[in-house]
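Hi,

Here is the structure I said I would pass on.

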Amino acid sequence: MLKGIAVSGGFAIGKILKLEEKTVEYAPRSRLQAEEELLRFERALAVFTRRAEQSAGRIRSIAGKAEADIFTGHIYMARDPLIGKEIRRKIALGYSTEMAMESACDGWIEDFSSARSEITRQKAADIRDIKSAVLNILAGTEKENKKIPFGSVVAARELKPSAVLFLDKRRTVAAVCEQGSRRAHFAVLAAAMGIPAVMGVRALMEHIRDGQRVIVDANKGEIIPIDK
């Protein structure tokens, strides 16, 4: 039996579907023009903002305003003057937009992750979500999400807020992951959508396999393998 933190109550039996985070790859750019890179950044930020607004609208209709405000918050974070200033400074130094975005975000992620406040540490997951989204926009790619079969228990190292956008409640019977707590934004969204969820399961991905049948008791924070 695996033990974690019960963040969204419920009971489910299903098959594990492991979601592995893919790093966004981008080729080095030569002969960079700062003005061109700044324009690429502004355009990517505009696309991100539009998509985040669409996500907020969808969540508002499914769950409510408070939950939708998580995505509205992502817009404010992405457009934070301090983060933007750091990205623009790096571009002026000769960084590509991708390198500037990744470097600036990683610095903020490190700072937030080491904070004493759990609420502040939660912001690290938000920044990772934003960074991934903007890098995908710059690369002209979309996140490749597995089609979720009916009766799936979605499992990952980390489930960021945007993950709820492709978790169809008709197909996803539960969600489990290694990182996170009751205050994690994914936990808030899962509870609002009625998806049983357990977070903070140590070494989860090493102890489960794709297609393995498990029982998820999200009231107690337990994951019980049926298939050994």
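A residue counts as buried here if its relative accessible area is under 20%. Keep in mind that this is a predicted model. With that cut-off, F112 is buried, as its relative accessible area is 15%. W108, on the other hand, has 24% relative accessibility and so goes down as partly exposed.

Those two residues belong together in another way. The count of aromatic pairs comes to 1. It is W108 with F112: the ring centres are 5.8 Å apart and the planes sit at 40°, so the pair is tilted. Both residues are in helix 4, and because they are 4 residues apart, about one helical turn separates them.

Now for the helix packing. Helix 4 (residues 97-113) and helix 5 (residues 118-139) have axes that come within 8 Å and cross at roughly 170°. The two are therefore roughly antiparallel. On the helix 4 side, the contact is made by T97, E98, M101, E102, C105, D106, I109, F112 and S113. Helix 5 brings T120, R121, K123, A124, I127, R128, I130, K131, V134, L135 and L138. Sorted by class, this contact has 10 nonpolar, 7 charged and 3 polar residues.

One more thing to look at, elsewhere in the chain: which residue lies over the face of F150? That would be R171, at 4.2 Å from the ring centre.

Cheers

Note on methods: Residues numbered from 1 in each chain as written. Predicted model: local features only at pLDDT ≥ 70, side-chain atom pairs only at ≥ 80, totals over all residues. Heavy atoms only, no water. Axes fitted to C-alpha atoms, helices over the stretch in contact; angles between N-to-C directions. Parallel < 35°, antiparallel > 145°, perpendicular 65-115°, else oblique. Contact = heavy atoms within 4.5 Å. Nonpolar A, V, L, I, M, F, W, Y, C, P; charged D, E, K, R; others polar. Phe/Tyr/Trp six-rings, centres within 6.5 Å; stacked < 30°, edge-to-face > 60°. Buried < 20%, exposed > 50% of the residue type's maximum accessible area, 1.4 Å probe, protein only. Lys NZ or Arg CZ within 6 Å of the ring centre and 35° of its normal.
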